[in-house]
Amino acid sequence: MCGIAGLIYRDGARKIGEEMTAMLQALRHRGPDSTGFAMYGAPGPNEYVMRFKVAEKEDLDGGTKIHRAIRERKAAVGAVLEELGVDVLEQEEPTEYALRSRISFGGDLKNLADHIEEVEGGEILSIGNALELVKDLGDAASVSETYALNTFEGTHGIGHTRMATESDVDIRSAHPYWAYPYNDIAVVHNGQITNYWLMRRQLERDGQRFVSHCDSELLAVYTAVNLEKGMTLEESLRRSIDEIDGVFTYLITTGNELGMAKDTMAAKPMVLYEADDMVALASEEVAIRAILPHEIDTTDPYDEEVRVWQA
Amino acid sequence: MAGLTDSTSTQMGMHTEPLTGRDIKTKFTLENEGGFGYHFGRDVDFNRRAEIDCAQLEPTEINRKIRELMDSGHGSIVVRNPGAKHSLIVGILNRMNIIVEGSLGYFGCGLLDGPTVRISGRVGWSFAENMMAGICVVEENAGSTFGAALRGGDLVCKGSVGSRTGIDQKGGTIIVGGDTGAFSGFMMQRGRIVVCGNAGKNLGDSMYDGTIYVGGKIRDLGVDAVSAQLTDLDRAWLSRKLKMYELLPEQGVDHFTKIVAGKQLWSYDNLEPTEKKLVL
């Protein structure tokens with residue numbers, strides 16, 4: 001029983017970090033183990049924001065050696081960036097193990113991502129022109145405070161509160177998932193995909209790479225591949241209802257879109273609020289009320305319903 | 001009473017065996033229907049009105065306050081600023097009026113037995129689950145599993161509702177002013193569902209009994225759900241019920257489609273017990 005939420009403004013950037021935090025905090029009872037945000041800020045020309053980590057939070061309890069190891073891993077990542085000709089414009093370290101780098105890079109994103117993942121403990125959470133993906137253990141308020149997300153301004157975002165059921169409580173298993181290594185695509189999902197391994201093996205045979213064993217990641221990679229083939233986001237969402245088995249409701253974002261799909265059984269909840277200037281969706285209406293406390297008219301999307309909104 | 005006394009179930013002792021797990025003041029019979037109630041039921045005055053502002057309260061506190069007001073004899077309670085919180089107004093086993101100014105979250109008004117509840121906003125999933133008696137009217141939309149396992153009373157949503165409306169319904173009436181989603185009336189056993197708008201796929205799937213009336217289009221019928229002839233009795237009942245809740249269409253009710261159980265799935269009575277076990 002995870003909680004998902006999404007928010008998109010149609011008339012320019014707002015303080016979506018603060019609003020996504022409020023929405024996800026209202027859903028904390030659906031999943032207290034970890035919280036994640038995928039938010040879209042102002043894209044710069046030929047610039048990317050890279051969010052990555054070099055250790056798990058729980059590794060810090062492993063003794064003094066881990067701190068030296070983390071320093072060495074950060075240095076190794078720096079060496080990789082230098083070797084590939086990446087120009088690091090800005091670097092922040094919200095925690096000892098998670099970093100944010102604003103980079104200028106004209107090369108192949110997959111090559112860059114693969115090289116960083118070769119560093120021990122290295123995992124890229126996202127690389128994107130506009131996308132910044134942050135996830136960590138704890139509720140929305142604590143993650144937001146740690147990563148200073150309340151000041152984040154952007155046009156749209158999605159988020160997830162996770163109740164760990166079939167995998168560990170760690171950052172690697174937390175949502176959202178970036179579509180490795182595609183620019184600006186992220187997903188949050190509530191449900192179970194029953195043909196996950198079949199679909200994953202097909203995508204892997206086509207050369208795609210997965211960084212986790214979570215079925216939600218499949219939706220991100222699946223969508224990215226469809227978009228690369230020339231489909232629109234709406235076409236990909238519609239196709240997913242036919243091709244992906246299970247019970248699911250998922251939200252997916254690109255650089256300027258937010259999409260939603262619900263499976264044929266409509267077994268997972270979603271409440272939708274649409275206004276002229278914004279759209280908000282969440283597993284429960286209380287999350288929308290966290291940013292719109294007045295009386296609002298909401299609806300439940302039906303089975304097989306697909307929607308896409310533009311920023 | 002004669003009919004009841006002579007029935008097979010009475011001969012089997014089903015109306016005389018003491019109920020367990022539920023302390024009832026008077027054993028229900030047709031003669032003393034008015035005396036049927038709970039020994040802990042409150043003697044409330046419908047003219048005594050109170051208000052609760054829920055803005056800063058947790059669901060448990062709100063439900064406790066409703067009970068405290070009932071204990072002090074208030075028969076009309078206004079619930080303000082519910083903020084779509086979950087599990088509000090549950091387990092009310094009294095006749096009384098509750099007016100909700102705003103929207104409820106999930107599992108609102110569950111396990112009711114008696115009250116009349118009016119909600120000006122919308123409600124989330126599983127509204128009025130297992131309601132036994134009373135009336136609930138929702139002015140806006142409702143989420144999925146609206147009236148799941150409803151046992152009695154009238155449950156009305158003037159907007160549209162989500163999927164699986166009236167799943168496992170065991171009695172009572174569900175009325176939807178707008179559309180309903182997929183699997184409405186799934187495995188319903190008794191009662192009536194009225195949908196003034198359109199119905200999603202698999203309507204009445206595996207229904208055992210009961211009746212579904214749809215005023216708009218039906219995407220498709222579920223397993224063992226079949227259409228039936230709308231009778232004069234159906235028309236009279238539909239007109240009366242929809243008029244009560246100001247949902248009677250201008251063109252009347254002649255265009256409604258009636259759906260009932262085909263009863264082809266559960267003719268297990270023709271089977272030997274061992275065969276029945278295999279089928280089930």
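Reader: In which strand of chain A does Gly159(A) have its place?

Author: In this predicted model, Gly159(A) belongs to strand E8 of chain A, which covers residues 156–162.

Reader: What makes Gly159(A) count as buried?

Author: A residue is called buried if 20 or more other C-beta atoms lie within 10 Å of its own. Gly159(A) has 34 C-beta neighbours inside 10 Å, and therefore it counts as buried.

Reader: Which residues does Gly159(A) touch, leaving aside those up to four places away in sequence?

Author: Gly159(A) touches Ala5(A), Met20(A), Met23(A), Leu24(A), Gly36(A), Phe37(A) and Val188(A). Gly6(A), for its part, is 153 residues from Gly159(A) in sequence, while the C-alpha to C-alpha separation of the two in space is 6.4 Å.

Reader: How do you know that the radius of gyration of chain A agrees with that of a compact globule?

Author: For 311 residues, a compact globule would have a radius of gyration near 19 Å, and chain A has 18 Å, which agrees. Along its principal axes the C-alpha trace of chain A spans about 50 × 45 × 40 Å, and buried residues account for 48% of its 311 residues.

Reader: Why are the buried residues of helix H7 in chain A said to be on the same side?

Author: The buried residues in H7(A), a helix of residues 233–243, are Leu233(A), Ser236(A), Leu237(A) and Ser240(A). They cover an arc of only 100° around the axis, and so they are on the same side of H7(A). An α-helix has 3.6 residues a turn, so residues three or four places apart point the same way. The buried residues of H7(A) pack against helix H6 (215–228), strand E12 (257–262) and strand E15 (306–310) of chain A.

Reader: Why are strands E9 and E15 of chain A placed at the edges of their sheet?

Author: The sheet is open, with 5 strands in the order E9-E10-E11-E12-E15 of chain A and antiparallel pairing. E9 (177–178) and E15 of chain A each have a single partner strand, so one side of each is left without a neighbour in the sheet, and they stand at the edges.

Notes:
Residues are numbered from 1 along each chain as its sequence is written. Chains are lettered from A and ligands numbered from 1 in the order in which they are written. This is a predicted model: local features need pLDDT of at least 70, side-chain atom pairs count only at pLDDT 80 or more; totals for chains, interfaces and linings use all residues. The radius of gyration is taken over C-alpha atoms; the globule rule is 2.2 Å times the number of residues to the power 0.38. A residue is buried if 20 or more other C-beta atoms lie within 10 Å of its own, exposed if 12 or fewer, and partly exposed in between; C-beta atoms are placed from the backbone. Helices (H or I, at least four residues) and strands (E, at least two) are DSSP runs, numbered from the N terminus. The arc is that of the directions from the helix axis to the C-beta atoms. Two residues are in contact if their C-beta atoms, placed from the backbone, lie within 7 Å. Two strands pair if DSSP finds at least two bridges between them.
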